[in-house]
Amino acid sequence: MSEFIRKLAETALNSEGYIHSSNELFRSYVKKMTGDSYDIDGSDVRKLASIVQYLYQLSDRNFREEGNAVLSMLLEVCGNQHPEVVGIARRIFSDSGDFPNINLINRTFPKFEFKYSFLTEAEMEFKSELNSVKELDFSLTDFQRLLWEDLTTEQDVLTVAPTSAGKTHVILSYLVNTILRSDGAFAAVIVPTRALITEVANKLHEITSAYGSAEKIEICTVPKEEAYGDKTVFVMTQERLFEVLQRGDVSFNYLFIDEAHNISDNSRGVLLHLTIEKRECKNICVNGILSNIEEG
């Protein structure tokens, strides 16, 4: 069946009808973004909405990206005028386990009403419950749910996914949740650049604030002489973390290496190895790598 859908999608994407309709959609999208008046024919909307549903049934990244682009523009351009597009989008995101996007749609179209069949409603509700965990106040994507389940095994985790898949947010949420429930714990988050230090530290502030626990976890971004809090997350490049380790006897319960693929040159790779080796890490997490660590 998947091979049939692939051939159907390929034929549709190469057809003059799709090319015309997608060009009309893009033209309308640009006009809306620039504040100009625009109009798109209902037949073009229906044609594109049908093809998008085929594209989302395929795992090929190119088909998915095309489907993402078209569906996003359809929602932006004609979500209010053609509510069936919103209904299709909610079903697509439910089938693909993308509940954060469903939440976004619900906020964007608060008055949306679309009656699905009883079976469809039940399937969507069941999958939403499946992608929810009690420790978090938001639904996860399929990828995030599986990542969370891997993290809770307390084993080393290596994860790879496209940008904006939600890797870092889930791992940081897990770290905050676990550290808050502990009697005291240190976590090290290694990032490749100083710019990412600020970005990750800000995410941690947002997460701890959402838990109402901003004062309970110290977020440390530079080495310091005085003692660290009982519950501290170190967000540093490997150079800064190595300096922390050189200054005193500090051990970590968790290690998260973010964007590990960006640590490519030999000198920084060697330093990262020395930093990890200095603590004789038992377990580790990479982009995310999350690891439970003990001194040997």
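Is Cys78 buried or exposed? Cys78 is buried, as its relative accessible area is 2%; buried means under 20%, exposed over 50%, and partly exposed in between, with a 1.4 Å probe and protein chains only. This is a predicted model, in which local features need pLDDT of at least 70 and side-chain atom pairs count only at pLDDT 80 or more, while totals for chains, interfaces and linings use all residues. Residues are numbered from 1 along each chain as its sequence is written, and side-chain values use heavy atoms, with hydrogens and water left out.

**Cysteines**
- Cys220 is buried too, with a relative accessible area of 4%.
- The structure holds zero disulfides, a disulfide being a pair of cysteine sulfur atoms within 2.5 Å.

**Largest pocket**
- The largest pocket holds about 1,300 Å³ of space.
- Its lining has 40 residues, and the closest to the centre are Asn68, Phe93, Asp98, Asn101 and Ser164.
- Helix 4 (61-78), helix 6 (99-108) and helix 8 (142-151) are the elements that give two or more residues to this lining, and helix 4 has the largest share, 10 residues.
- A pocket is found on a 1 Å grid over the protein atoms alone, as an open set of points where a 1.4 Å probe fits, with protein on both sides within 12 Å along at least five of seven lines; lining residues have an atom within 4 Å of a point.
- Grid points are joined across faces, edges and corners, and the volume is the space filled by probe spheres set on them.
- Helices are DSSP runs (H or I, at least four residues), numbered from the N terminus.

**Salt bridges**
- The whole structure has eight salt bridges, each a side-chain nitrogen of Lys or Arg within 4 Å of a carboxyl oxygen of Asp or Glu.
- Arg6 and Asp60 form one of them, at 3.8 Å from N to O.
- This pair joins distant parts of the chain, 54 residues apart: Arg6 is in helix 1 (residues 2-13) and Asp60 in the loop between helix 3 and helix 4.
- Arg6 is partly exposed at 26%, and Asp60 is partly exposed at 24%.
- Arg27 and Glu24 form another, with their closest N and O atoms 2.5 Å apart; they are about one helical turn apart because three residues separate their positions in helix 2 (residues 16-33).
- Glu218 pairs with Lys224, with 2.6 Å between the closest N and O atoms.

**Surface patch**
- Phe4, Leu8 and Tyr54 form a nonpolar surface patch with about 280 Å² of accessible area together, by the Shrake-Rupley method with a 1.4 Å probe.
- Patch residues have over 30% relative accessible area and no salt bridge, and nonpolar side chains (Val, Leu, Ile, Met, Phe, Trp, Tyr) are joined within 5 Å.
- Tyr54 lies in helix 3 (residues 42-55) and is partly exposed at 34% relative accessibility.

Technical notes
Patch = residues over 30% accessible without salt bridge, like charges linked within 9 Å, V, L, I, M, F, W, Y side chains within 5 Å.
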